[in-house]
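Subject: Structure for your review

Dear colleague,

Please find below the structure that I am handing over to you. My findings follow directly after it, and I would be grateful if you read them with the coordinates open.

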Amino acid sequence: MWLFLAVCLFLPAEVLASQPLSVVFNEIAWMGTTASANNEWIELYNNTNTEINLAGWGLYEEGEKTLVEPLIGIIGAKSYYLVERTDDNTVPGIKASQSPTGWGGYGLNNNGEHLQLLDNSSNIIDEVDYSGGWFTGIGKPEYKTMERINSLVGGSDPQNWQTSQNPGGTPKVKNSEQNQELKIAEDVFPLTSLTKSEKPAVDDSRQRTYPSGIVINEILPSPEGPDETEEWIEIFNQNSFPVELSGWQINDFFGKTKTYSFPPGTVINPQSYLVVKRPDSKIILNNQEEKIFLSAPDKRIIDTVYYKKAVREQSLARFSND
């Protein structure tokens, strides 16, 4: 165990960070700019609190068939990374994060693309499958980019993209705000079938504050008995006071996703545990890759657990803060 902890502590940040959605496609200028249709650019965003070395990573199109651009630089924590196609005048006045190379293939097809971001081990970190046509963004004469609404929600969901308010987009800065109400409503995985015409009214849960210190403490994704009845998720209250969990939610990300909302009156005592079983939550813990989210009623994600592969008859338990 001590050897394992020592390895984890001294692994480079970029090795630990290569998880799905650690870096995402955040904005895409598939239409080019008013100066030239060839002036296409892609902006990435680092969701983590650690800088990530992108050496060996790559942007691909046609579902990993064609390398658009090999990546070489470092993307800072919670920062943007601008990849320009033609030259460093593609976005006037804003420096590219790495020297433009012209891009492989033929640039971004105006009829849609299937883009993927792969790390240096060829793992898919994010993808945007709009091979049937771009859902947002405007070409001539406005040239408004395609902006991601929520950087923690999958890139292939059309509800998670909007057309920029700004001609030329928002390179290297926060995306425009027009769909922020939808973003708040859908800030927890997965995006529901909520349509933009069905946006919920703002309620007082967004004005309240909710404590941290409520964590996913242990999960059993591959039990000895039937998965349907024996899987469970354990929550732990690290605080010295009880916390009411009414309205808190657990979500999973991969495969057939579900949302579990703690029922009214659910209270977890200080320094105590609460087990949620699969027959109650309906959440399926995949054996081959899964990500679990715990969120407060204000849609703020409080804790996240990711694993690549479950071990048969063994739970995954929190050790310290890992």
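Aspartate 252 stands opposite isoleucine 292 in strand 19. This pairing, like everything that follows, is taken from a predicted model. Asparagine 251 likewise has a counterpart in strand 19, namely phenylalanine 293. Strand 15 and strand 19 (residues 290-295) run antiparallel and are joined by 4 bridges.

Strand 15 also pairs with strand 16 (residues 259-261), again antiparallel, through 3 bridges. Here glutamine 249 is the residue that faces serine 261 of strand 16. Between the two strands of this hairpin there are 6 residues, and glycine 255 adopts a positive phi near 70°.

These pairings belong to an open sheet of 4 strands, ordered 16-15-19-20, with antiparallel pairing. Strand 16 and strand 20 (301-307) each have a single partner strand, so they form the edges and one side of each has no neighbour in the sheet. From one strand to the next, the twist averages 15°.

I turn next to the nonpolar cores. The largest comprises 31 residues, and Phe25, Ile28, Ile42, Leu44, Leu59, Leu71 and Leu117 have the most contacts inside it. At least two residues of this core come from each of strand 1 (23-29), strand 2 (41-46), strand 7 (80-84), strand 8 (114-118) and strand 9 (124-129). Strand 1 contributes the most, with 4 residues. Another core, of 23 residues, lies apart from this one and includes Ile250, Val276, Ala296 and Ala310.

Neighbours within four places in sequence aside, leucine 59 is in contact with residues including Phe25, Ile42, Leu44, Leu71 and Leu117. Its contacts also include Thr66, Glu69 and Gln116.

Finally, some values for the whole chain. The chain contains 5 helices and 21 strands, and 48% of its 322 residues count as buried. Of the contacts between residues at least 6 apart in sequence, 60% join residues at least 24 apart.

With kind regards

Note on methods. Residues numbered from 1 in each chain as written. Predicted model: local features only at pLDDT ≥ 70, side-chain atom pairs only at ≥ 80, totals over all residues. Heavy atoms only, no water. Pairing = 2+ DSSP bridges. Core = buried A, V, L, I, M, F, W, Y, C linked by side-chain atoms within 4.5 Å. Buried < 20%, exposed > 50% of the residue type's maximum accessible area, 1.4 Å probe, protein only. Contact = heavy atoms within 4.5 Å. Axes fitted to C-alpha atoms, helices over the stretch in contact; angles between N-to-C directions.
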